[in-house]
Amino acid sequence: MDTNKKTNSKKNTVVLEQTVKTLANLNSLIATAIECKTENTFIFHILNHTISYIHYDRAILISANGKKIIGVSGTSRPSKHSLIATSVKSLATSLSAPNTTQIISDDSFVNLPNFWKEYKEKSEGTSLLWIPLILNNTDTNQAHQNNAILIFERWNNRPWKDSDINIIAPIQRNFSNIWRLHRKGIKNNIHKKGRHLLILLLLIISIIFLHSYKISERIVAPCEVAPEDPYSVTTAIDGVIEEVLVHPGQRIEKNSILVELNQDIFNEELTAARQQIKITQSELSRTQAQAVTDLEARGQLATLKNQLKMDNIRLRLAEYKMDKSKILAPNSGVVMMNDPHEWEGKPVMTGERIMLIITPSNNKIKIYLPLDDKIDFPENAMVKVILNTDSATSREAHLTYISDHATVSPKGIPAFLAEAKFDSNVDNIRMGIQGTAVIYGKKVSLGYWLIRRPLAAIRNFIGI
């Protein structure tokens, strides 16, 4: 029994706290609405701050005759020709009881209009709460012209309930009265001096806050993922490419055949070198036999021996060219090159690079800092990289290098080249992917952080 009493007591306490919080929000909402000096301030307040009292996803304020959208929460310029704009304006002239607070459904119409059917299809899961702000005026026509309709939307199949109409009742009454005051042009000067003092106090607090609050300087610059320490595949001999046996992005193993050069010339050189050795050896044997009795033949022996050495060197050179006509992978990795068909039939020179062999996990980020944004970054400054292919995810990295000299970025813009490394191994990112890098510098005051760029622009303009 004691346990049940304690449990019920806790539940009652929670309910009481929630009730007090709701009443406090209601009181604050109405009090702030009363203090709104202008109609625009009041409109902004009821559209954007009423959510503290009752939850909604979007609020819309329209004129009672449906001719004008007065405001939409979260935007300063509501679209006049969107689906929601057309639909809510049509509601004002189509509902069977437009001056009654209600949850919009098919039963709200005498004859179900086509625009409502289209709106339900395109905004599936959206529920509308219709709240008229009605003025108490003896002139019925004038009152109708000045009336307004507040519409609350809930999305994602979260419907309004009948109990919400009771919850919104005090808001409707108070907002209607305040709306009437603004419609009549009455200026609310309550606590005017107090508001002036409050503004001054807020200004002083803002200045102190801007000076004392520290924030890291940050530079946003374009970047791209590049391989680190790639191995260049080059030709060891002059020749003509016969066939490229790999394609970009292909994973290859060490000693895999990458490129074959045309071997016709190399075969001819090898055949000629072997034939020349046979001729020289035959001539040398014949001369050695004659040298026994012929002094002249004896003098030719040294020349023929040197000739045989030269022929052997030519043979080894021809064999070397034949061996190098097939370019092998120096190590395992991934091929990085342009279109391989562009290389086929193309003559290449010794040392000319054909492709790169990269290790996907061994990568870096190239960052192109604008000339005006090179600041003093701390060692191993933190970098956040947001790639264009995955803009919802930021990857952490640290700065490793900044050039002292300006260069030209791939887009032809002068910039300082910087490099960064990912904090963790990343092997699922393709090389060349571009994105945005945010580099964090030293901490400065928020005020300086806000005025640094404008101040630099002004000084450059006026020359001081």
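Predicted model: local features only at pLDDT ≥ 70, side-chain atom pairs only at ≥ 80, totals over all residues.
Residues are numbered from 1 along each chain as its sequence is written, and side-chain values use heavy atoms, with hydrogens and water left out.

Colleague: Which strands stand at the edges of the open sheet of four strands, each with a single partner strand?
Modeller: Strands are DSSP runs (E, at least two residues) numbered from the N terminus, and two of them pair if DSSP finds at least two bridges between them. The sheet has the order E7-E14-E12-E9, with antiparallel pairing. One side of each edge strand is left without a neighbour in the sheet, because each has a single partner, and these strands are E7 (231–234) and E9 (251–252).

Colleague: What is the bridge partner of Val335 in E14?
Modeller: Strand E12 (residues 333–336) pairs with strand E14 (residues 353–358) in the antiparallel sense, over three bridges. In E14, the partner of Val335 is Ile357.

Colleague: Is Glu268 buried or exposed?
Modeller: Glu268 lies in helix H8, helices being DSSP runs (H or I) of at least four residues. Buried means under 20% relative accessible area, exposed over 50% and partly exposed in between (1.4 Å probe, protein chains only). At 58% relative accessibility, Glu268 counts as exposed.

Colleague: How far apart in space are Glu319 and Ile104, C-alpha to C-alpha?
Modeller: Glu319 has its place in helix H9 (residues 295–324) and is partly exposed, with a relative accessible area of 35%. Glu319 and Ile104 are 215 residues apart in sequence, and their C-alpha to C-alpha separation in space is 89 Å.
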